[in-house]
Amino acid sequence: MKRLSVSVFILSLLAALILSPVQSAHAGTPCDDPNSGACLAEIQAHPAPDAEPIAVNRREVGAYSFFRVMPDTDLYDAPNGNIVGRMDNGFSFVIVYEQREGFARLRSGQWVARTSLKQSYASSFSGLALTHPLAYPMAWVIQASIPSSSPGASNDSKTPAISRYTRLYIYATVHVGSWDWYLVGPGQWLEQRKVARVLPVSRPEGSTDKWVSVNLFEQVLTAYEGDRLVFATLISSGLPNFQTNVGTFKVWHRADATPMSGAMGSPAAYSLPAVPYVMFFDDEISLHGTYWHDGFGFKHSHGCVNMSITDAHWIYDWSGAGDLTVNVISGRA
């Protein structure tokens, strides 16, 4: 009987070690014990990252309001005139130069039905200028989420959701199952796929004084002067079929604005007029501003690193005419 009891005890101990959450970060801080009074006091003392977003030029952002072309759009020689062709299907945007009688005139001089166009509006999101070290690691919420009261627990629908693009501190990290869970407020835990963290990295060998790092897992860009972190923002890199390459590159060409197109005649075709603040670094892959989506924090591109117009403008001006190193990392061990 005694031998059986010892065996049961050992099995129970092993099960507890395997199934229990594992504290995995921020050792030596008041939130080593997330339920302690010291941790609550620390959260109250540092409730949110003390860094402000860079200013948004509303007029500039508003100027990048183009029109997406819907599938099977016919071209006309005049409003209510003759059909003279058809637009290629795909992900295409156009500039409208005139609207009349329910039709819109394009740069080519041809017309399309206004119902075949959907107006787009550029995102007003902007990243953070970082002038001093932050008290804790920070993150953006990339998917509006209801926090859980403990790591791995189900959320309570009565608890208010934390909005997308909210900036948070991460006070403690606990690993449950396949994912990390982050303490982001008193008794508030979010699973790591709901947020994008700012993770400073070491300066790559041979980099220029000003350089940026793109974390493909977190979908975050950080900018540096020497070893000092000066800026951080959300980005959108290449989709699974159009992965952004990992490596260290140098910007080889810059443009205030340039059209971009590719894969014409195929379902993956795209045509984008006046893409702003373009910095090519890996052949035709570039950092650039984006007016056609507000999905920052998620993969979205054909390989380029999408940023908001405000963020791309900031990087473009900050880097100046000098060389800029772009360090692209996978971001997940």
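Started with C31: it is buried, at a relative accessible area of 1%. For the record, buried here means under 20% relative accessible area, exposed means over 50%, and partly exposed is in between, using a 1.4 Å probe and protein chains only.

Ground rules before going on. I'm looking at a predicted model, where local features need pLDDT of at least 70 and side-chain atom pairs count only at pLDDT 80 or more, while totals for chains, interfaces and linings use all residues. Numbering runs from 1 along each chain as its sequence is written, and side-chain values use heavy atoms, with hydrogens and water left out.

Next I asked: which residue does C31 form a disulfide with? I found C39, with the two sulfur atoms 2.1 Å apart; the criterion is a pair of cysteine sulfur atoms within 2.5 Å. The link is right-handed, with 90 degrees about the S-S bond. C39 is buried too, at 0% relative accessibility. I searched the whole structure and got one disulfide. I also looked up C304, which is buried with a relative accessible area of 11%.

Then the secondary structure. I count four helices and 25 strands in the protein; these are DSSP runs, helices being H or I with at least four residues and strands E with at least two, numbered from the N terminus.

Pairing requires at least two bridges found by DSSP between two strands. I checked strand 17 (residues 210-215) against strand 25 (residues 325-329) and got a parallel pair over five bridges. Within that pair, S213 has N327 of strand 25 as its bridge partner.

Last, the whole-protein numbers. The C-alpha trace spans about 95 × 45 × 35 Å along its principal axes. Of the 333 residues, 46% are buried. Taking contacts (heavy atoms within 4.5 Å), I see that 62% of those with a separation of 6 or more are between residues 24 or more positions apart.
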